[in-house]
Amino acid sequence: MTVSTAPRRRGETLVAKASEGYAPARILEVELTRTLPAVGYDGIHRRLWVLGRLQSEPVGVCVVPLGEEGLTPDQLAELLWPEYREPVAERYAAAGVQEPSALTGNGLGTGPSAWPCWHDRQAILPAAPFISVVICTRDRPDQLASCLRRLGQQEYPQFEVVVVDNAPCDAVRALVDGKLDGRTLRYVPEPRAGLSWARNAGTAAASGEIIAFLDDDEEPDRHWLAGLATGFARGDDIACVSGLVLPASLDTQAQELFEQLGGHSKDRGFSPAVFSRHGPQSPLYPLPPFGVGANMAFRREALARIGGFDVALGAGTPALAGEDTLALTLILLAGYRIAYEPGALMWHHHRGDLDSLGRQLRGYGVGLTAFYAALLRHRPGVIPELLRIVPAAVGYLRAGKDTRSAPQDLPAGLQLRQRWWMLMGPVAYLRSVRKQARVAALASGPENHGERDHDSAP
């Protein structure tokens with residue numbers, strides 16, 4: 001299923017737009033089965049970026065204009081219906097009822113007595129598995145506080161929260177020294193710099209057999225954990241579940257540009273999917289449509305089998321990124337499956353300025369080829385498969401295009417920089433391997449065995 005978003009435009013147009021002025025978009029969630037809201041103009045946002053839901057299930061996003069006169073519920077419905085007609089029809093067909101002919105300001109009504117997604121969630125919650133939530137943080141106590149507030153709103157019965165502080169400080173310790181909706185927050189210091197150190201420290205401290213990861217600049221939807229549990233219920237061989245990642249705000253040019261370049265969702269869509277070693281695509285190329293570090297959960301035994309996260313990859317290391325991609329790929333190569341669940345929704349605060357976005361894109365470029373270097377180190381047996389994808393990789397370098405692993409249609413200057421960043425990746429990884437070996441050798445006690453947090457790029 002595909003749902004339209006804002007029209008795709010060439011990178012050159014987007015960069016030019018940044019200098020011409022930018023119209024911020026207001027993020028709005030709309031439950032389509034209920035009365036739609038009236039939307040007033042706040043003097044700032046000229047557009048609405050709308051997430052549509054059916055009985056809480058995310059079904060798509062679209063962008064609609066917002067004038068100074070605002071929008072009545074009926075006007076909003078008229079703008080949304082062309083975008084949501086198809087996914088709504090698919091959901092009604094799956095529920096075995098006739099699809100609605102129109103959307104009005106009064107909404108679609110309750111529809112069937114039990115939507116499939118609602119039924120699945122209700123079936124899982126009574127025997128919901130205990131989940132350990134690991135939040136990696138570094139120097140962002142204010143963002144961590146917002147993350148914790150949203151986490152406290154989870155409609156899920158059994159979970160714990162482990163906060164890994166990758167730059168141990170009193171502000172974070174004081175924030176964590178309390179309870180979250182009756183649950184004790186656990187504080188784990190990890191002074192060794194690097195996101196993988198932090199993820200591994202959180203894994204070691206967690207008590208659950210399912211470990212979910214998020215960063216301090218994210219805010220989970222109230223059904224996030226239920227969505228993850230739904231994914232794991234798809235089979236005993238599901239070792240990892242990932243979910244949808246959407247922007248928490250689109251108030252700056254940089255945030256908009258990041259979304260136009262694919263964001264964290266990379267066109268993964270709003271339909272569940274299951275991936276294995278044998279399909280529906282190669283785990284080696286294009287890069288995984290099945291997950292991202294901003295929203296993923298693992299079975300402990302599977303994570304242990306692949307050796308945890310490679311401490312030479314990830315933010316805070318010379319390799320800059322790629323630890324999540326390697327873990328997901330190794331999970332598939334080990335014979336497990338990965339489930340993608342849009343209902344496991346995460347809101348992410350994108351970089352707010354173009355300089356920060358540039359550093360992030362640099363991290364992705366370096367991390368892309370650092371990942372392949374790490375893959376060869378961990379699984380040299382994949383060399384024949386990698387050789388088979390060389391023509392596609394060469395074609396990408398020549399054309400500056402790739403449908404999955406990198407932003408499309410970047411300006412020529414940025415394309416050249418991206419190629420240079422990619423060439424740096426293997427060298428950066430080797431440097432990082434040596435550096436992290438020295439860091440590990442200096443570790444002197446069990447309290448140092450852990451990880452650190454960041455985004456996928458500094």
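**A nonpolar patch, then the loops**

Reply: Leu 376 is partly exposed, at 35% relative accessible area (buried is under 20%, exposed over 50%, partly exposed in between; 1.4 Å probe, protein chains only). This is a predicted model, in which local features need pLDDT of at least 70 and side-chain atom pairs pLDDT 80 or more, while totals for chains, interfaces and linings use all residues. Residues are numbered from 1 along each chain as its sequence is written, and side-chain values use heavy atoms, without hydrogens and water.

Leu 376 belongs to helix α11, residues 354-378 (helices, H or I, are DSSP runs of at least four residues and strands, E, of at least two, numbered from the N terminus). Together with Ile 383, Leu 387 and Val 390, Leu 376 makes a nonpolar surface patch of about 330 Å². Patch residues have over 30% relative accessible area and no salt bridge; nonpolar side chains (Val, Leu, Ile, Met, Phe, Trp, Tyr) are joined within 5 Å, like charges within 9 Å. Areas come from the Shrake-Rupley method with a 1.4 Å probe, and for residues only the protein chains shown count as cover. A salt bridge is a Lys or Arg side-chain nitrogen within 4 Å of an Asp or Glu carboxyl oxygen.

Now the loops. Pro 24 sits between α1 (11-20) and β1 (25-31). Pro 24 counts as buried because its relative accessible area is 14%. Apart from neighbours within four places in sequence, Pro 24 has contacts with Ile 44, His 45, Arg 46, Arg 47, Leu 250 and Asp 251 (contact: heavy atoms within 4.5 Å). Ser 249 is 225 residues away from Pro 24 in sequence, yet their C-alpha atoms are 8.9 Å apart.

Another proline, Pro 280, is in the loop between β11 (273-275) and β12 (296-299). Its peptide bond with Gly 279 is cis, with omega about 10°. Most peptide bonds are trans, and most residues other than glycine have a negative phi.

Ser 56 has a positive phi, near 80°. Ser 56 is in the loop joining β2 (47-54) and β3 (57-65), and is buried at 7% relative accessible area. Leu 320 also has a positive phi, near 75°. The loop of Leu 320 runs between α9 (300-305) and α10 (323-333), and Leu 320 is buried, at 9% relative accessibility.
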